[in-house]
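Keep the structure in view while reading.

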Amino acid sequence: MKIWLDGNLVDESEAKISVFDHGLLYGDGVFEGIRFYNGRIFRLEEHIRRLFDSSRAILLNLPWTQEEVCKFTCETVAANGLRDGYIRLVVTRGAGELGLNPHLCPKPSMFIIASTIKLYPDEHYQNGLAIITCATRRPAPAALMPQVKSLNYLNNIMAKVEAIQSNALEAVMLNEQGYVAECTGDNLFILKNGALITPLISEGALDGITRAVLIELAAKIGVPFVERSLTRYDIYTADECFLTGTAAEVIPVVSLDRRIIGDGKPGPLTRRFLEAYHELVNSTGTPF
Ligand code: PXG
């Protein structure tokens with residue numbers, strides 16, 4: 001496997017980062033997860049724009065333009081001879097001194113991995129996921145900006161552990177006020193009385209690229225869309241529920257905290273969104 005690392009495509013055995021890198025020492029960095037289908041990278045520009053926004057928000061100046069990073073990403077995928085897969089793009093503060101001060105790290109590092117990912121077994125796309133609400137809360141937006149896709153995922157990992165310990169594959173995370181924010185690696189949507197509803201970003205959700213695609217698809221399909229505060233009540237009493245993410249795509253949810261949602265099967269509108277999503281990812285994107 002060839003890895004893009006700081007300007008060069010190197011063999012995976014050569015792709016190494018310093019133990020003094022602040023990405024490793026402090027989680028000081030940002031990342032993106034991007035999919036490619038059928039020889040085309042899905043929503044590449046949007047992902048790179050979010051990477052640059054995340055970097056800017058943490059005062060990390062990248063020495064490349066967005067166009068250059070798109071080009072490096074395409075080169076990495078092409079060098080690995082894959083048609084379908086997953087790209088992990090990581091930017092770290094770079095090697096520096098011990099101590100938090102990011103100004104003592106002279107040069108950020110960036111690496112790009114093109115590989116594959118499978119978050120959930122196929123059967124769950126057919127039959128839906130059973131998920132739980134976890135006790136681990138999303139940090140307040142004033143503590144950690146939810147739009148920044150940073151390397152600080154410990155909060156989400158602890159929530160994921162709660163899910164796994166309850167025999168669930170994903171967990172709903174509430175914010176400090178008890179409103180639904182999102183799941184550990186996916187945004188959450190419900191359908192109620194024919195309308196598509198999702199929590200606001202300000203409730204502590206990542207501004208997901210797939211979330212934005214679903215909002216576009218709702219307009220195309222003619223499903224009214226609402227962004228508002230949700231509590232667990234709204235999910236328990238929803239007609240349908242599903243999660244979205246680059247890795248997860250669109251996956252139905254059929255129960256929360258062992259309470260059946262709707263009739264306990266992936267609903268008709270969820271199936272329509274799932275089909276429309278697959279059609280879109282297979283027919284659009286940046287060729288590499
Ligand atoms: N919320 C969180 C906390 C995420 O990490 C999403 C929502 C969905 O965002 P996108 O832009 O992908 O629609 C994410 C994205 C992984 C993995 O390795 C996780 C994500 C993406 C890719 C891989 O588990 N999370």
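Helices here are DSSP runs of H or I of at least four residues, numbered from the N terminus. By that count, Asp 122 sits in helix 4, residues 122–127. The model is predicted.

**Largest pocket**

- The largest pocket has a volume of about 760 Å³.
- Its lining takes in 46 residues. Nearest the centre of this pocket lie Phe 31, Lys 149, Tyr 153, Thr 184 and Leu 206.
- Five elements each supply at least two lining residues: strand 3 (29–37), strand 5 (85–92), helix 5 (154–165), helix 6 (209–221) and strand 13 (240–245).
- Strand 3 gives the largest share of this lining, with 4 residues.
- By class, the lining of the largest pocket splits into 19 nonpolar, 15 polar and 12 charged residues.
- Where does the largest pocket lie relative to domain 1 and domain 2? It lies between them, because domain 1 (2–115) and domain 2 (122–281) both give residues to its lining.

**Second largest pocket**

- The second largest pocket holds about 230 Å³ of space.
- Helix 2 (44–57) and helix 6 are the elements that give two or more residues to the lining of the second largest pocket.
- The largest share of that lining, 6 residues, comes from helix 2.
- Lining residues of the second largest pocket include Glu 46, Arg 49, Arg 50 and Asp 53. Gln 147, Val 148, Asp 207 and Ile 209 are also among them.
- The lining of the second largest pocket divides into 4 nonpolar, 3 polar and 5 charged residues.
- Domain 1 (2–115) and domain 2 (122–281) both contribute to the lining of the second largest pocket, so this pocket lies between them.

**Cavity**

- How many cavities of 30 Å³ or more does a search of the whole structure find? The search finds 1.
- The volume of the largest cavity is about 40 Å³.
- Arg 35, Phe 42, His 47, Ile 209, Thr 210, Thr 246 and Tyr 277 line the largest cavity.
- That lining has 3 nonpolar, 3 polar and 1 charged residues.
- Both domain 1 (2–115) and domain 2 (122–281) give residues to the lining of the largest cavity, so the cavity lies between them.

**Cysteines**

- A search of the whole structure finds 0 disulfides.
- A disulfide needs the two sulfur atoms within 2.5 Å.
- Cys 70 is buried, at 12% relative accessible area.
- Cys 105 also counts as buried, at 8% relative accessibility.

**Salt bridges**

- Side chains of opposite charge can pair when their charged atoms come close.
- The whole structure has 12 salt bridges by search.
- Lys 118 and Asp 122 pair through their side chains, at 3.0 Å from N to O. Lys 118 is exposed, with a relative accessible area of 57%. Asp 122 is exposed too, at 52% relative accessibility.
- Elsewhere, salt bridges with shared partners join Arg 43, Glu 46 and Glu 216 into one network.
- Arg 43 is buried, with a relative accessible area of 15%. Glu 46 is partly exposed, at 27% relative accessibility.
- Glu 75 forms a salt bridge with Lys 71, and their closest N and O atoms are 3.6 Å apart. Both residues lie in helix 3 (residues 66–79). They are 4 residues apart, about one turn of the helix.
- Glu 75 is partly exposed, with a relative accessible area of 33%. Lys 71 is partly exposed as well, at 47% relative accessibility.

**A distance from helix 4**

- Asp 122, in helix 4, is 48 residues from Glu 170 along the chain. The C-alpha atoms of Asp 122 and Glu 170 are separated by 15 Å.

Notes
Residues numbered from 1 in each chain as written. Predicted model: local features only at pLDDT ≥ 70, side-chain atom pairs only at ≥ 80, totals over all residues. Heavy atoms only, no water. 1 Å grid on protein atoms, 1.4 Å probe; cavity = no way out; pocket = protein on both sides within 12 Å on 5 of 7 lines; lining within 4 Å. Points joined across faces, edges and corners; volume = space filled by probe spheres on them. Nonpolar A, V, L, I, M, F, W, Y, C, P; charged D, E, K, R; others polar. Domains from an automatic or database assignment. Buried < 20%, exposed > 50% of the residue type's maximum accessible area, 1.4 Å probe, protein only. Salt bridge = Lys/Arg side-chain N within 4 Å of Asp/Glu carboxyl O.
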